[in-house]
Amino acid sequence: MDPMAPTALAVPDQLMGRIGSGLSILRDHGKKVQKYLLKNRKFEVLKKSWSSIVNIVLIEAKDLPDAPPTTSNSLYCKFKLGNESHKSKQVHKNKPIWRERFNLYLYEDSTLEVNVWHKTKQKNFMGRTGCSSGTCLVTSQVWYKFDNWNEVGRLSITVHGAKGLCALNISGNVNSFCVLELDNSRIQTHTIRGTAEPNWNKTFTFCIKDITSALDITIYDEAMLQSMKGEKIGKVTIPLLRINNNEKKWYALKDRAKRHSARGNCPRILLEMSVVWNPVKASMRVLTPKETKYIQKPTKFDIPLIYSNLIFIKKIFKVFQNGNESLKRVFEWDNTEKSALALAGWLTFWYFFRMWMTPLLLILPFAHYWLLQRNCNAVVPISQVDEDSYFQNDEKEAKDDKTIKTRISELQDLTITIKKGIDYIVSLLERIKNLVNFSVPYLSYLIILTLIAASVAFYVIPANYIFMALGVYKFTRKLLNPSRLPNNDILDFISRVPDDEMLKQWQELRVPEPTPTQDDSKSR
């Protein structure tokens, strides 16, 4: 007998029967799972090809009927469109605000049902509403009526295609679709599978409620894992006021932060847009509150953003400080020519000034920058910045050799500088408050008499002459008293008023009665 030949194992019939019954049970369960997958609404998209997507934004509920008195006050909504349904999160009945978005696949004309339930041990029905898909489409057509003052125009956009997209999954295939958002309006294209250069060739129309809004275009990968993570292939934001009508143009796709280029081989999207809007309606619309976005991402703790904001605030404080020092130098005649020109300009301005000129003075900064952009070719609009210079700036920032320790020390210095500025502003406001509420009565009565005298002076003397006299006083103080120190009269007066911290330090404590000692008792 060959020792390498397989030998038959003696298996009891009882064990064989158990294995056979287990396999048959497993086979039956497999059939049940298969039937469940085919019937379950979540896998309906795998069986059929949908014709369109219904995007629903659940915002809030009002005037709901009273629920039975229970310990639970949770509400939720259920949406059903054909064989597909979704359930919202649970919210408190006293504040039924959801702000959720749902995408339901539409295979054929069917009715959208919305049910509101009260969550208890037994579900309590609160209300129902619904509409057919045809009714929903008619309603969306009514939104585009141009005689509505809430609508300033229409945007027509054709999404031709994209190139250079990067695959986010392991297989390397790109199954991309495009989502276009304008304020609270949202449209999604169909999915192009297996290519990095999809061609959608779809035209959409948006109702414009604010001409200052921006169109957000995002390309997603339909892969299930990437959809769960919320990964994006690329995105771009286009302000409506920068759109050139009927211009076919490539737009570079950016990453999540919209600062750098997205991953891929120069990812870009080809668009053709046209905006028709009414300037009168748009001008009236900017004077009303801006439309609030229903779906907003939660704010994150962004350290680079905080750092840049601190630098900006520090620059603002520096501007005011330098401006104050410049005025002091002008008043103190450090440069005779500049001070003489400033005095002549001050007297000329107030001699010819009239109140109707005030709005014209506010136009001067706009006129300065308008002439600068018109005459200087070096000033380039943000929309026309070359990508090469953009990436060069990024490379310079990447080559910055500052260590973490240096950045932390700079952040500490920034924080201290800003803290000093904020403390000074708060102290100044507290001193003004204490001046008004008679914390120091002498100073309060003194400012009252000064204001009464100023009112009489403005009544008797024209304001132009008063400001001319004030300028002569400010400019001639150094000439009359060469040894004087530079100062600001108003700030010096306010510095005499205590702030809240000084008032707490000035507060008198009650003098306690001395406790008798043993020596005092013996002497008695």
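UniProt positions are given here in the numbering used for this model, with feature names shortened, and such annotations may be inferred rather than shown by experiment. With that caveat, the unreviewed UniProt entry places the feature "transmembrane region" at residues 351-371 and 442-467. The structure is a predicted model, in which local features need pLDDT of at least 70 and side-chain atom pairs count only at pLDDT 80 or more, whereas totals for chains, interfaces and linings use all residues. Residues are numbered from 1 along each chain as its sequence is written, and side-chain values use heavy atoms, with hydrogens and water left out.

Helices (H or I, at least four residues) and strands (E, at least two) are DSSP runs numbered from the N terminus. On this basis, residues 351-371 are 76% helix and 0% strand, with the end C-alpha atoms 27 Å apart.

Two strands are taken to pair if DSSP finds at least two bridges between them. An open sheet is formed by four strands in the order 11-8-15-14, with antiparallel pairing; its edges are strand 11 (199-208) and strand 14 (247-252), each of which pairs on one side only. Neighbouring strands of this sheet are turned by 25 degrees against each other on average, direction ignored, where axes are lines fitted to C-alpha atoms, for helices over the stretch in contact, and angles run from 0 to 180 degrees between N-to-C directions. Strand 8 (residues 153-165) is joined to the antiparallel strand 11 by eight bridges, and Ile157 stands opposite Phe204 of strand 11.

Ile157 also belongs to the largest nonpolar core, a set of 34 residues in which Leu155, Ile157, Leu215, Ile217 and Ile269 touch the most other members. Such a core comprises buried Ala, Val, Leu, Ile, Met, Phe, Trp, Tyr and Cys residues joined through side-chain atoms within 4.5 Å, buried meaning under 20% relative accessible area (1.4 Å probe, protein chains only). Strand 8 provides the largest share of this core, five residues. Beyond its neighbours within four places in sequence, Leu215 is in contact (heavy atoms within 4.5 Å) with residues including Leu155, Ile157, Phe206, Val236 and Met273. A second, separate core of 15 residues includes Phe102, Leu104, Val114 and Met126.

Elsewhere, strand 2 (residues 74-81) and strand 3 (residues 84-87) pair in the antiparallel sense over four bridges, with Phe79 having His86 of strand 3 as its bridge partner. Two residues lie between the strands of this hairpin, in which Gly82 takes a positive phi near 70 degrees.

Note on methods: Buried < 20%, exposed > 50% of the residue type's maximum accessible area, 1.4 Å probe, protein only.
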